Amino acid sequence: MALLHDSNETSYLLPPNNADWEEKGIPDFVYEQKELIVEGIQWPRNAPSTLDTLSLSRFDSALCSAWRQRVELGLFRYRLGELQTQTLPGAVGFVAQLNVERGVQRRRPQNIKSVRQAFDPEQFNFNKIQPGEVLFRLHRKPNDCSAAQQEDILVMINVSPLEWGHVLLVPEPTQGLPQRLLPGVLRAGLETVLLSSHPGFRVGFNSLGGLASVNHLHLHGYYLAHRLPVEGAPSEPLDPGGHLYLLQALPAPGFLFYASRPGPDLETLISRVCRATDYLTDHEIAHNLFVTRGAPPGKASPSSTLTGVRVILWARKSCFGIKEGEAFNVALCELAGHLPVKTSQDFSSLTEEAALALIQDCLLPPAQADEVQEALVALMAQEEV
């Protein structure tokens, strides 16, 4: 990736001596609403080969330079090389990647038994990470155009990365928040997507029971230099006001929310999404969420048309713990069409049909899915006009 450098910019790099890391403190990445980029972000025609030559934003430069340094310092569980990648033949366009190290070396999931499980300070949490794992504190300047004050969010490395630049967005860890989506961290996730000028920077959330492995509130963010089917997949409105859409395409039907610009549109989207995830959590329904640049709702659009932000929400069966022996586990990226595969044998033999079978086995039974859809439509209808 081509990174922009500014000699007056805050340094997000650690001092050479690790004894000085804690003393240095966590640098702030302070941004303004005018830095949120909506228009002009497109996939190159010959993507992904030209992505290394893109001029990236100030946010991309800060994240990538700091992330790369942590790689050199050995703060990850494994060194992520260039991942073997293939697009599976078929109508969906699954992007499969071989990531053996993540399958073997990632931290074992916590013992989770409920979507509503309380935070447990005795379990691993983000107050227990090593010095140097935090890249910076994300902080938005107050803005008269914004209805909400953004809370500070720590951006830290995921020590078992699934792709380049894999980070976690974590509200102040000492609050001990359980893994239940809140407006502040969702706003931060949406805004990081808009702060990036890379079309493949995505953000997502796994609920408890939706393969979240740590019960401490966090989102995932990472770069993937490939288009995904959910960017331009067709959808139909589920309510007359156009507040909620059904994403119809494979790999899995999901609820689609869309905003074309920052400001009030984004705040409305945040409110709608969090009301939906609150309903799912309160009813013990596991869920996954994926944020990507994409096309407006409606008919299928070319995946190069990235005119706004899509948030896709999937309600699914609860799954507590990692299933051994499967090619991949179904969470936020798999539902969006990105498949990190655990073994060389599975990577070479995986077909679209087999991938769809694994994913659809994790979805709600039709009767329960219809019930959830009716409930969310009713929730959206309660919105004040």
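Where in the structure is the place of Phe328? Phe328 sits in the loop between strand S13 and helix H6 (332-336); here helices (H or I, at least four residues) and strands (E, at least two) are DSSP runs, numbered from the N terminus. The model is a predicted one, in which local features need pLDDT of at least 70 and side-chain atom pairs count only at pLDDT 80 or more, while totals for chains, interfaces and linings use all residues. Residues are numbered from 1 along each chain as its sequence is written, and side-chain values use heavy atoms, with hydrogens and water left out.

Phe328 has a relative accessible area of 0% and is therefore buried. Buried means under 20% relative accessible area, exposed means over 50%, and partly exposed lies in between (1.4 Å probe, protein chains only). Leaving aside neighbours within four places in sequence, the contacts of Phe328 (heavy atoms within 4.5 Å) are Glu334, Leu339, Pro340, Lys342, Leu350, Ala355, Leu358 and Ile359. Between Phe328 and Val341 there are 13 residues in sequence and 5.2 Å in space, taken from C-alpha to C-alpha.

Nonpolar cores were examined next. A nonpolar core is a set of buried Ala, Val, Leu, Ile, Met, Phe, Trp, Tyr and Cys residues joined through side-chain atoms within 4.5 Å. The largest one has 70 residues, and Phe136, Leu138 and Phe257 have the most contacts inside it. Helix H5 supplies the largest share of this core, eight residues. A second, separate core of 36 residues includes Val230, Ala336, Val341 and Leu350. Leu138 touches, among others, Phe29, Tyr31, Phe59, Ile153, Val155 and Leu195, when residues up to four places away in sequence are not counted.

Two helices were compared with their expected span, which is 1.5 Å times one less than the number of residues. Helix H2 (residues 58-72) has 15 residues and reaches 21 Å from its first C-alpha to its last, close to the 21 Å expected. Of these 15 residues, 11 are buried, so H2 is largely enclosed by the rest of the structure. The buried residues include Phe59, Leu63, Cys64, Trp67 and Val71, as well as Asp60, Gln69 and Arg70. Gly74, which follows H2, has a positive phi, near 75 degrees.

Helix H9 (residues 366-381) has 16 residues and should span 22 Å; its end C-alpha atoms are 23 Å apart, which agrees. The buried residues in H9 are Val372, Ala375, Leu376, Leu379 and Met380. They cover an arc of only 135 degrees around the axis, which puts them on the same side of H9; the arc is that of the directions from the helix axis to the C-beta atoms. The cover over these buried residues includes strand S11 (254-259), helix H5 (264-282) and strand S13 (308-316). Pro366, Ala367, Glu371, Glu374 and Ala381 are exposed on the face of H9 turned away from its buried side.

Salt bridges were also counted. A salt bridge is a side-chain nitrogen of Lys or Arg within 4 Å of a carboxyl oxygen of Asp or Glu, and by this rule the count comes to 11. One of them joins the side chains of Asp28 and Arg137 (2.9 Å, N to O). Asp28 lies in strand S1 (residues 28-31) and Arg137 in strand S4 (residues 134-140), so the pair ties together parts that are 109 residues apart in sequence. Asp28 counts as partly exposed at 34% relative accessibility, and Arg137 is partly exposed at 22%.

A further salt bridge is formed by Arg187 and Glu267 (2.8 Å, N to O). Arg187 lies in helix H4 (residues 183-195) and Glu267 in helix H5, so this pair ties together parts that are 80 residues apart in sequence. Both Arg187 and Glu267 are buried. By contrast, Arg79 and Glu72 are both exposed; the closest N and O atoms of their salt bridge are 2.7 Å apart. Arg180, Asp278 and Asp282 are linked in a network of salt bridges.

Asn158 lies in the loop between strand S5 (153-157) and strand S6 (167-171). At 10% relative accessibility, Asn158 counts as buried. The side chain of Asn158 reaches the backbone nitrogen of Ser160 at 2.9 Å. Apart from neighbours within four places in sequence, Asn158 is in contact with Phe76, Arg102, His166, Val167, Leu168 and His220.

How values were computed:
A polar contact is a pair of N or O atoms within 3.5 Å; within protein, one must be able to donate a hydrogen and the other to accept it, and residues adjacent in sequence count only if both atoms are side-chain atoms.
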